[in-house]
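Here's a quick briefing on the model below. Have a look at it first, then run through the notes by topic.

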Amino acid sequence: MNRPPENGISTPKVMAFCGSIRSVLKNDHELLDICKAAKDLDTYLDGVNKLITTGTKMCNSEIIAGASLCGALSLGADLDYFSLSGLFPQSEASVFELLSSDEVGGMELLDTLQLDQAKLDSVLQRVKDANGLILATPVYFGDRSSVANKILQLTATQNLLSQKVMGVCSVGAKRNGGQETTNLFALYEALNQNALGVGNGPPTSQYGGTAVAGNRAHVLEDRWGLLSAFGTGQRVAHVSQIFKAGEQIQPERRVQITILVSMDTQDKLLAGYLAKLVEKASVEIPNVNFTIINLIDFTIFRCLGCSVCPVKTKKGDEISINCAIREADDVMAKLRSQLLECDGLIVAGLNLLDAKKILYRYQVLLERTRFIRRHDFELTNLMVAGLCYNQVGATVNPLHSLKANTSFLRHNTVIHKSIEIIEHQNKILKTGLDDLIAFCRNVVRFSGGKKRIKPIETYYMKEAYGGYRN
Ligand SMILES: Cc1cc2nc3c(=O)[nH]c(=O)nc-3n(C[C@H](O)[C@H](O)[C@H](O)COP(=O)(O)O)c2cc1C
């Protein structure tokens, strides 16, 4: 199943961590060997089943970690894997003797939470060497496990995630048990450690791998979840390869960054501030063109929620919009062209003390991007960052950047750390300039990489895996 690496471009290295507290594989190579011997997801699952019949009842996170690595391998990535619970020495726990072995479910060892320093150093070196990372974790109370948390703490203290591509896969016992919250929390924290975030790619393009299973190995029955983990691995490998390929390359032309002002005040507080900010950034990053589009100057009609998009455009049809709404004063046709032409997108919003001052276009904008998504993910690989102008103490829209990033992730984009501006009584405490410059630099690098790496065909399916609708 391996796609050979592109000409002259070295292979990206993708590493998965398993965050289960009940992982059973004693040696990380066991899982890697099954992945490397597999031709596709099904032969990987055959390998897992074979191991299970010998009495090694793998936990669900180990299985989805392996599925994601198979996805990465299918695009030619080098693989690495480690089980986070193996980082901690364990001691016998007499408390379990009180329970029957069925109830214990194999957790006969208690995590002491003491670090094995030598092992840790070697693992952190492997993280440094990787281009892409996948966190595979069980869902505990709608969030990751304690050992999965530990690795994010460690990478934060040593700034190890900077410019790595990050994907997350989670497994919970309930269908709505918090897989998406788990994925988004970890992704957002990784972005704050300067990683780039990806989801699980087409045909569903959601927030990473999301599987449902309670008892050990039951995830083998969740084909949808396994496919979403496989897709996450592919996405991490592909985006890592592009980012790696762009390292030494200058794009042939100036890169285009579009800033969509998705809400503003009547007197254009946000657009006014951004005009000054991009002027300063342009001095530092001369090879970037900025276009600011203030959506409060335009009309966006609401999505009809119809099922006709994407409308196929006939050859020679001048209206290149795949949406049923074709009102002359609706801005979406123009906006679609703008988005297809740009290399980086910033979705700007406001978090003000006085909610009445905000004129919103954000939600209607998102609704109406539906036809672009349904047209086989036209925004694939666009780098996106949220931007928010926050007044200290404002609570009306504090999650703007998180919402913008995660909604645009569903367009199969690559999400970037947000740009935050902080104002207190008309005084700017944080300008956002450093964040903006970092975003521009990564867009420049990614654009250079995109020139060298063949895109992967993307397709949208109204009915994704096994009849689930999205
Ligand atoms: C402490 C704890 C908390 C849990 N919280 C959730 C939860 O919030 N949502 C959910 O769907 N499942 C929850 N579960 C179930 C596990 O996520 C589920 O059994 C998962 O498959 C375990 O993965 P593993 O086999 O890799 O250990 C919880 C389990 C434990 C032990």
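This is a predicted model: local features need pLDDT of at least 70, side-chain atom pairs count only at pLDDT 80 or more; totals for chains, interfaces and linings use all residues.

A residue is called buried when its relative accessible area is under 20%, exposed when over 50%, and partly exposed in between, using a 1.4 Å probe and protein chains only. Residues are numbered from 1 along each chain as its sequence is written, and side-chain values use heavy atoms, with hydrogens and water left out.

**Around Asp 78**
- Asp 78 sits in strand S2 (residues 78–83); strands (E, at least two residues) and helices (H or I, at least four) are DSSP runs numbered from the N terminus.
- Skipping residues up to four places away in sequence, Asp 78 touches Thr 11, Pro 12, Lys 13 and Val 14, where contact means heavy atoms within 4.5 Å.
- Ala 130 is 52 residues from Asp 78 along the chain, and their C-alpha atoms are 9.1 Å apart.

**The whole chain**
- You'll find 14 helices and 19 strands in the chain.
- Of its 470 residues, 54% count as buried.
- Among contacts with a separation of 6 or more, 81% link residues 24 or more positions apart.

**Nonpolar cores**
- A nonpolar core here is a set of buried Ala, Val, Leu, Ile, Met, Phe, Trp, Tyr and Cys residues joined through side-chain atoms within 4.5 Å.
- The largest one has 111 residues, and Tyr 44, Ile 64, Leu 274, Phe 290 and Leu 436 touch the most other members.
- Helix H8 (residues 223–245) is the top contributor to this core, with 9 residues.
- Beyond its neighbours within four places in sequence, Tyr 44 has contacts that include Leu 31, Ile 34, Glu 62 and Cys 70.
- There's also a second, separate core of 30 residues, with Val 147, Ala 148, Ala 186 and Tyr 207 among them.

**The ligand site**
- The ligand has 17 residues around it, and Ser 20, Arg 22, Ser 61, Val 139 and Ala 213 come nearest; a residue is near if one of its heavy atoms lies within 4 Å.
- A backbone N or O atom of Val 139 lies 2.7 Å from a ligand oxygen atom, and one of Gly 214 lies 3.0 Å from an oxygen atom of the ligand.
- On its own the ligand has 640 Å² of accessible area, and the protein covers 76% of that (Shrake-Rupley method, 1.4 Å probe; for residues, only the protein chains shown count as cover).
- Helix H3 (60–74) and strand S6 (165–172) are the elements giving two or more residues to the shell.

Technical notes:
A polar contact is a pair of N or O atoms within 3.5 Å; within protein, one must be able to donate a hydrogen and the other to accept it, and residues adjacent in sequence count only if both atoms are side-chain atoms.
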